[in-house]
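I opened this notebook to record what I looked up, one topic at a time. The structure comes first and the entries come after it.

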Amino acid sequence: MSVEAEVRAGHWEQCGGCGSTVYGPRLERAQRVCPDCGHHHRVGAADRLRLLVDPASFAPLVYRAGPDDPLDFAGYRDQLARARRRTGREDAACVGRAAIGGRPVIVAAMDFTFMGGSMGTAVGEAVTAAAEEALSSRVPLVVVAASGGARMQEGALSLMQLAKTARAMRRLRKAGVLSVCVLTDPTFGGVTASFATLADVLVAERGARIGFAGPRVIAAATREALPEGFQSAADLSARGLVDRVESREAIRPLLARLLALLDPVPPEPAPPDAALPVPAPGAPAGAGDPWETLRLARDIARPTALDHIHRICDDFVELHGDRAYGDDPAVVGGIGSLGGTGVMLIGHQKGHDTAELVARNFGMPQPEGYRKAARLMALADRLGLPVVTFVDTQGAAPGVGAEQRGQAWAVAESIAVMSELGVPVVAAVTGEGGSGGALALAVANRVLMLENACYSVISPESCSTILYGDPSRGPEMAAALRVGAAELVRLGVADAIVPEPPGGAQADGAEASARLGAAVRAALAELRGWTPDELRRQRHDRFRRLGAAS
């Protein structure tokens, strides 16, 4: 039992959330989460490691810390001595090698009970040493942050740790070594403004307070009442600043799943008949009446991106947020396993009923949706994950807010990022592919189309309205725009048509997903072994020749 647990054992404690009295051992068994209200009480570094890493797997990392009191600050040595006696550790960070779910990690856990988890030179050196060990061994880094900010008693030397640790995290990112930060209560100041928010994946513990300036400082400076839920994990999630919010008991399983998804697994050999499903000459697939095809493509009973993802993947961890403004539910994405291989999956997400359609804006993304997509594509590129996208949108969301937040800039950036990816990219148009809002997820090496999907520069109704003053000539424009899959394959816009079950994908979603999954796996198998330069060049050549003189 840790020092913190020994102090608490056998005592009744008052919950900081609901105020009820909880028996100490019962609280310990519940990982110090109140069984009545779910309030997450703070835990020290030793308890945190016990909860996160495999038993007996932790081995401390040896590193050289600087002097205890570099500024000879009055009373600081005594503060350090008291903190060391109380916690049984040298400083506010505990770093070492460990395993989670049987897979090796480098772990750095901060301890708020040691001088508020403040970051001085010792903490900065510990976190940097952990990141450097992760870099040299190419083993994922897991950081657990808990801090009130920089350590004032070390002056400017404490401030400099922001640059040191930020640089260390950036080097990991550049080298394509996964980093995950678990943000716990509280995480503030210099820690948040450096290494804690620079990880590839940010997981906030439920109920954690996270920010730069503390709430009391902000309230005093602004003389305003703070909003309800201000700086809470849930608020940060709604604002797109973290990937996930998880309960304490769910964090370890989540980390184990992420590590498993990113653990290299030899790809399954493609079966002898694995090939892109190109219909035989004269086959009816994708060659139906364009207006009827459009109607089928828009049917809300058709499988959504998440429907396809959950059916074709062995596992899938959804990631959220654009790290700047919000988490747009019209775009979903995350890391999944497809035939034992880790992939990044991203798609437009609509819904099957009015409530979900409204919640997801009918699959029409805001700028933050495209920024989330671009962020996940860049993460896939760093980690060497193929990208698979599911295209199904009328187009990017119109509106004042979208324009003010840079809709065109976001779409353009997503297109540009996708064009430069050094990993295989397969796009599947599963429903309606409309305008630049669709292309932003479809700059791919291989473009597949479900049989009743469509793809166009504009909706036929809008085209009719612009050219003829009303939408009544939509059927005529659908034919003129050649929105059907067969025509798009002929034009070179798409590569292959995935036949749908009788009655369309909406009649048998499971079978439609199975056929699509097989086609995606075949396309990825075809691209396996290509170098980053070859993938970029093929993508460039593909789009360069469209519409060019032969």
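**Entry on the model.** I note at the start that this is a predicted model, and I read every value below as computed from it.

**Entry on α5.** I began with helix α5, residues 121-137, and asked what span its 17 residues should have at 1.5 Å a residue. After the helix comes R138, for which I found a positive phi, near 55°.

**Entry on α14.** I turned next to helix α14, residues 367-383, which has 17 residues and reaches 24 Å from its first C-alpha to its last, close to the 24 Å expected at 1.5 Å a residue. This helix is mostly covered, with 13 of its 17 residues buried. The residue that follows α14 is G384, and its phi is positive, near 75°.

**Entry on the pair α14 and α16.** I wanted to know at what angle α14 and helix α16, residues 407-419, pack. The angle is about 20°, and the two axes are 8 Å apart. Since angles under 35 degrees count as roughly parallel, that makes α14 roughly parallel to α16. I recorded the crossing of α14 past α16 as left-handed. On the α14 side the residues that meet α16 are P367, Y370, R371, A373, A374 and M377, and their partners in α16 are Q407, W409, A410, V411, S414, V417 and M418.

**Entry on the cores.** Which residues have the most contacts inside the largest nonpolar core? They are I346 and F390, in a core of 84 residues. Helix α14 gives the largest share of this core, 7 residues. A second, separate core has 43 residues, among them M115, A199, L236 and V242. Going back to I346, I listed its contacts beyond the neighbours within four places in sequence: V331, V332, G333, A373, L376, M377, V387, V388, T389, F390 and L441.

**Entry on A83.** Leaving aside neighbours within four places in sequence, A83 is in contact with G88, F114 and M115. I also checked A83 against G347, and the two are 264 residues apart in sequence and 50 Å apart in space, C-alpha to C-alpha.

M115, already noted as a member of the second core and as a contact of A83, has a positive phi of about 50° although it is not a glycine. I placed M115 in the loop between β5 (103-110) and α5, and at 19% relative accessibility it counts as buried. R482 likewise is not a glycine but has a positive phi, of about 55°, and it lies in the loop between α19 (474-481) and α20 (485-491). At 39% relative accessibility R482 counts as partly exposed.

**Entry on a cis peptide.** Last, I looked up the peptide bond from D185 to P186, which is cis, with omega near -10°. P186 lies in strand β7, residues 179-187.

Terms used
Residues are numbered from 1 along each chain as its sequence is written. This is a predicted model: local features need pLDDT of at least 70, side-chain atom pairs count only at pLDDT 80 or more; totals for chains, interfaces and linings use all residues. Side-chain values use heavy atoms; hydrogens and water are left out. Helices (H or I, at least four residues) and strands (E, at least two) are DSSP runs, numbered from the N terminus. The expected span of a helix is 1.5 Å times one less than its number of residues. A nonpolar core is a set of buried Ala, Val, Leu, Ile, Met, Phe, Trp, Tyr and Cys residues joined through side-chain atoms within 4.5 Å. Buried means under 20% relative accessible area, exposed over 50%, partly exposed in between (1.4 Å probe, protein chains only). Contact means heavy atoms within 4.5 Å. Axes are lines fitted to C-alpha atoms, for helices over the stretch in contact, and angles run from 0 to 180 degrees between N-to-C directions. Angles under 35 degrees count as roughly parallel, over 145 as roughly antiparallel, 65 to 115 as roughly perpendicular and the rest as oblique. A crossing is left-handed if the near helix is turned anticlockwise from the far one by less than a right angle, and right-handed if clockwise.
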